[in-house]
Amino acid sequence: MKKTIVIAGAAGEGINTAAQFVERMVKEKGLYFLSYKNYMSRVRGGYNFTTLTVSDIPVHSICEEADFFLALNDEATQSARAHMAPNGMIATTEARTGEGIVSLKSEALAAIKNKNSGTMAGVGAIAAYLGFDKENLSHLEQAKWSEAINQQNAEAAALGYDLFKAVEHPAWQLKTPEKPQIMLNGNTAVALGAIAAGAGFYCAYPMAPSTGIMAYLMKKQKETHMLVEQAEDEIAAMMAAIGAASNGVRAMTGTSGGGFSLMVEALGFAAVSEVPLVACNVQRPGPATGLPTRTEQADLLFTLFASQGEFARIVLAPTSVSDAFYTTFRAFNLAEKYQVPVLILTDQYLADSTVTTDRFNTEALKIERYVQAAPIDDYKRYDFESYIGNRKYPGIDSQSVIMTDSHVHDVYGHVSEAKDVTIALKKKMMHKMTMILSDLNQPELVGVSDYTHLLIAWGSTAGVVREAVQLLNDNGQKTAALCFSDIYPMAENVLDDYMKPGITLVNVEGNATNQFGKLLRMETGVKYTHSINRYDGRPFTAKGIMQSMEVIINE
Amino acid sequence: MNNPFKLNTKTTWCPGCGNFSILECLNQTLESLSLTPQDVLVVSGIGQAAKLPHYLHAHGMNTLHGRAVPAAMGAHVANPKLKLILTSGDGDTYGEGGNHLLHGIRRNLDIVHMVHDNQVYGLTKGQGSPTTAFGQVTRLQYDGMKSDPLNPMAFAISIGCGFVARSFSGDPEHLKSVLKAAMAYKGYALIDILQPCVSFNQVNTFKWYKDRVFKLPETYDPHDKVRAFEMAQLFGDEGIPIGILYEETKTDFLGRFNHLEKPLVQYDRSPKAVESLLDELL
């Protein structure tokens, strides 16, 4: 069972506030949800909406058709019709009536002299629609507001609740999940992964949609004993992270595509100087400024090939909020094990989606530093034969002197132009790529085992595809999806276990050029025959993918 | 006893280059402060001057062109116990790295930043630098420089740098005394070190500098910002003052983060750190 609530209006009309209250109520009921902000790159005005899909099973995909639409102004009320599910209800703060439209206006509501009263009445109506008790509204206060305002808000919500309760609407029951759920978005999950991994330093330049990572870490820096610094630009951010990482502190930076373009310069430095660096690129549509607050998966090949020269790197693309936590944690261990940059690719959809999910389990997590603390005579920081565990940094012992260098360098880190040194360094960097493969996770196969159609997806799209496969198979289709979270390096035989005679391979990506499909073909020689792409700045939906698949299946 | 910082490495500097004197002065100053190579981290960007970390025995980071300051920031926050020295040229510091210099000073990193200022690009062979005089002919700018030169001292004073000094590679005793004062200073110490480029700058030669530099008188008060700004305007035929132009006590970068009790690198960390944060999300 799944219900989708849409809250729409202009920036500044309280969409976020209303959404947060609804999220809180849903969480307190112990239900799963995924809430996604669809907002324009502006502070006031425009047309924004938040979509909240509530369910008794984990949610990976939003639904574009609203079962309940809360319209906070006239424009939203007018556009609501186009976004409704069958039998969907519209509640509006405007004085409008019609079939399926409920106006929240009343004399009692007008008597509450508070600009948010309409929005709060909408929150009350949503509670009534979801079948919650009026009691659930009692927690709707915010510490930052005065008691008077909180009181007015509670009254407005109660009015909305009573008003909607009296309106005929479908009743539905959701099963309550067994475990208590945590509520967070993808950016916070990445930040928590970094904290769990023992990151001491985070340095970034503000850029939507990545800023949430820095904001969370900054807010928590005292209790986590971290230092979080806003850099003057993204080159500085990554250089500072490298500076800290090369001095023994786990360090990270994060940005979006435009900022990553600047970081590219520093990326190669981390690689050649074998500094363990973790960076997150929260993708948004490009090129250039693109669509700052929207989503796309078009930086994959850029992230894979960014920088001059050839070197080893790891690219990971979490498929869900929960995966974002565990993957970020792993990124730090991998970075220090292989002394390479590890790049985490998320996107605005994952970053800004708030979900309830099972509490993260730290029992099995172990921080592994791969350093050499004992003094060594004639220590060679860049020993060409030694790959794992030979790392020292300044101050780790009382005798070593460590050189970190951006040139082709000898085993001590000093500049060299010798042929044999050049070759040895190159071979070391290339051999790391092979070694890393043993530590990367295989893609996850979901769906039926006797599939006729195999969908390929990576990153946040893989979460959505998972639900699409379920919908398709519920309708009698035989489909499966191969979900990639660990992207690169990629094994030549990665598809061997999944390619069967007669199956149709469908590549699903949030870009126009099938970048992952190209990567698969480049590394494995296997080419997809069909593709489903979305590049309008909006996330895929399970239903949308299902519909595209039905066309492909019926060809 | 031999100076522990000295390395008998071949350099790629031209004979007669001011860098030799700067390196020697740095080695001697570090030794005079009873530091060991394990106590010191020398960070640089790219360029002839920036090769210096390879030529002494201490921890080193030879980073990217213009990017030494942010790399030094990261190193410093990780382990502030290391005495941090940044050594790079005028193109690296004032050109490619200008933005980082500005913000490094704003942060007041505890660092000694030595700028080897020869008013020309060396490693790329003779193009104009941010400090090359207006109209000066270079190997590239055959018709003369079309931009006004940057005044690094006035720039540093105006944006709040707490230690602004100038010295000359041709006066080692002076350079060492300024270096020593910079090392004792807690905060961003910028030293613009005038040096000849024997290969690519035929205007600002050893003699050119020698004839123009003069030591600030003992009566000079480096705490007078307006006076310092005035002195910073002097350059060229009217004479070039060397010494500490401006000094001011202010809280350094890490002093502004009072939640840290010890260097970041010394914290033991555990995945359990997220448990209380996860509780907040319940």
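A crossing of two helices is called left-handed if the near helix is turned anticlockwise from the far one by less than a right angle, and right-handed if clockwise. In this predicted model, α9(A) passes α10(A) in a right-handed crossing. The two helices, residues 234-245 and 257-272 of chain A, pack with their axes 7 Å apart and at an angle of about 30°. Angles under 35 degrees count as roughly parallel, and α9(A) and α10(A) are therefore roughly parallel to each other. On the α9(A) side, the contact is made by E234(A), I235(A), M238(A), M239(A) and I242(A); their counterparts in α10(A) include L262(A), M263(A), L267(A) and F269(A). By class, the residues of this contact comprise ten nonpolar, one polar and two charged.

Elsewhere in chain A, helix α6 (residues 186-196) is largely enclosed by the rest of the structure, because eleven of its eleven residues are buried. Among them are N187(A), T188(A), V190(A), L192(A) and I195(A). Just after this helix, G198(A) adopts a positive phi of about 85°.

Turning to the interface, 54 residues of chain A are in contact with 44 residues of chain B. On the chain B side, β2 (59-62), α2 (68-78), α4 (98-107) and α9 (275-281) each supply at least two residues, and α2(B) gives the most, with eight. This side of chain B has 26 nonpolar, 13 polar and five charged residues. Strand pairing also links the chains: β15 of chain A (residues 403-405) runs parallel to β2(B), joined by three bridges. Within this pairing, M61(B) is the bridge partner of T404(A).

Definitions and conventions: Residues numbered from 1 in each chain as written. Chains lettered and ligands numbered in written order. Predicted model: local features only at pLDDT ≥ 70, side-chain atom pairs only at ≥ 80, totals over all residues. Contact = placed C-beta atoms within 7 Å. Helix = DSSP H or I, 4+ residues; strand = E, 2+ residues; numbered from the N terminus. Nonpolar A, V, L, I, M, F, W, Y, C, P; charged D, E, K, R; others polar. Pairing = 2+ DSSP bridges. Buried ≥ 20, exposed ≤ 12 C-beta atoms within 10 Å, placed from the backbone. Axes fitted to C-alpha atoms, helices over the stretch in contact; angles between N-to-C directions. Parallel < 35°, antiparallel > 145°, perpendicular 65-115°, else oblique.
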